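Subject: Structure for your review

Dear colleague,

Please find below the structure that I am handing over to you. My findings follow it, arranged by topic.

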Amino acid sequence: MDIKVIVATHRPCAVSTDPLYIPLQVGAAGKESIGLRRDDTGENISEKNPFFCELTGLYWAWKNLSAEYIGLVHYRRYFAGRRRRRFGHPFDRVLTLQQAQTLLKGRDGLLPHPRHYVIESLYSHYRHTCYVEPLDETGRILEERYPAYLPAFRRLRQRRSAHMCNMLILRREHLDAYCTWLFDILFELEKRIDATRYTPFQARFFGRISELLLDVWLEQNPLDYTTLPVAYIGRVRWDRKGRAFLAAKFLGRKYEKSL
């Protein structure tokens, strides 16, 4: 079983050396090399990285890799596998090629465990933390181009969980179908919403909207997949995340930096 998963990174960092992974410098166009494969080779949208985030890596993998399964993780977020040692390097707990081959046998893909929002819906969380106009415009694009997906999109107003983080491993034909649909929507959204009118952090709305669109697509295209926890590499400041979330919800302060 041939599985290739890119690890999207924009800076030098430690990455897993397991043969499952292909470290990829995203947003490489016009930047110095950090010693990894670059997303500005072959067919690519590398120059869109300030707005599309790790999706420039997904696009590169879709257009330039050949494998039975293709996936995307982030240099700070991997799929968690079976811990190989009780104590050791953080990469000892990330998914390996052997584990992925076992889990994917007879399945269409792997996704992260859904993230659950307790006190608000997916839509209200997005509206509180980000500027909602691009998300609303996405709904209009779906209504025009993919009306069969509109009911699932509208359910974001009630739904409280989704597969977040732009992490996935999909069988090649499903990745092709998903990316064809996703990037058609995002490229049209790019024509309608001027991302440069937002702050650099808020201008990355294409990557955030894609997190929500994955579940919209899955409702219309049910796959046989399993889910895994997310293994975070490095310290996660959950206290800081919690304070920022509460400030967004109750004080109207949009997010302005990664947390």
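Which residues in α5 meet which residues in α8? On the α5 side they are P134, L135, T138 and L142, and on the α8 side F205, I209, L212 and L213. Please bear in mind that this is a predicted model.

**The pair α5 and α8**

Helix α5 covers residues 133-145 and helix α8 covers residues 205-220; their axes come within 10 Å and cross at roughly 55 degrees. The two helices are therefore oblique to each other, and the crossing in which α5 passes α8 is right-handed. By residue class, the contact of α5 with α8 comprises seven nonpolar, one polar and no charged residues.

**The pair α2 and α7**

Helix α2 (residues 55-64) packs with helix α7 (residues 172-192) at an angle of about 130 degrees, and the axes are 10 Å apart. That angle makes α2 oblique to α7. The crossing of these two helices is left-handed. From α2, the residues taking part are L55, L58, Y59, A61 and W62. From α7, they are R172, L175, D176, C179, T180, L182, F183, L186 and F187. This contact of α2 with α7 divides into 11 nonpolar, one polar and two charged residues.

**The chain and its core**

The protein chain holds nine helices and 11 strands. Of its 259 residues, 53% are buried. Considering contacts between residues at least 6 apart in sequence, 70% join residues at least 24 apart.

In soluble globular proteins, nonpolar side chains tend to be buried together. Here the largest nonpolar core has 83 residues, and W181 and F183 are those with the most contacts inside it. F183 is also one of the α7 residues that meet α2. Residues up to four places away in sequence aside, W181 touches L142, Y146, Y149, L213, V216 and W217. Among these, L142 and L213 also belong to the contact of α5 with α8.

F206 is found in helix α8. Is F206 buried or exposed? Its relative accessibility is 1%, so F206 counts as buried. Leaving aside neighbours within four places in sequence, F206 is in contact with F51, F52, L55, L186, L189, E190 and A195. Two of these, L55 and L186, also take part in the contact of α2 with α7.

The C-alpha atoms of F206 and C53 are separated by 7.8 Å, although the two residues are 153 residues apart along the chain. C53 lies in the loop between α1 (49-52) and α2. With a relative accessibility of 16%, C53 counts as buried, because the cut-off is under 20%.

The backbone of C53 deserves a separate remark. Most residues other than glycine have a negative phi. C53 is not a glycine, yet it has a positive phi of about 55 degrees. C165 likewise has a positive phi, near 80 degrees, and is a residue other than glycine. The place of C165 is in the loop between β8 (161-162) and β9 (168-171). C165 is buried, its relative accessible area being 7%.

K4 is placed in strand β1 (residues 3-9). At 25% relative accessibility, K4 counts as partly exposed.

F79 is placed in strand β5 (residues 77-79). This residue counts as buried, because its relative accessibility is 1%. F79 and L95 are 16 residues apart in sequence, and the C-alpha to C-alpha distance between them is 5.5 Å.

With kind regards

Definitions and conventions: Residues are numbered from 1 along each chain as its sequence is written. Side-chain values use heavy atoms; hydrogens and water are left out. Axes are lines fitted to C-alpha atoms, for helices over the stretch in contact, and angles run from 0 to 180 degrees between N-to-C directions. Helices (H or I, at least four residues) and strands (E, at least two) are DSSP runs, numbered from the N terminus. Angles under 35 degrees count as roughly parallel, over 145 as roughly antiparallel, 65 to 115 as roughly perpendicular and the rest as oblique. A crossing is left-handed if the near helix is turned anticlockwise from the far one by less than a right angle, and right-handed if clockwise. Contact means heavy atoms within 4.5 Å. Ala, Val, Leu, Ile, Met, Phe, Trp, Tyr, Cys and Pro count as nonpolar, Asp, Glu, Lys and Arg as charged, and the others, Gly among them, as polar. A nonpolar core is a set of buried Ala, Val, Leu, Ile, Met, Phe, Trp, Tyr and Cys residues joined through side-chain atoms within 4.5 Å. Buried means under 20% relative accessible area, exposed over 50%, partly exposed in between (1.4 Å probe, protein chains only).
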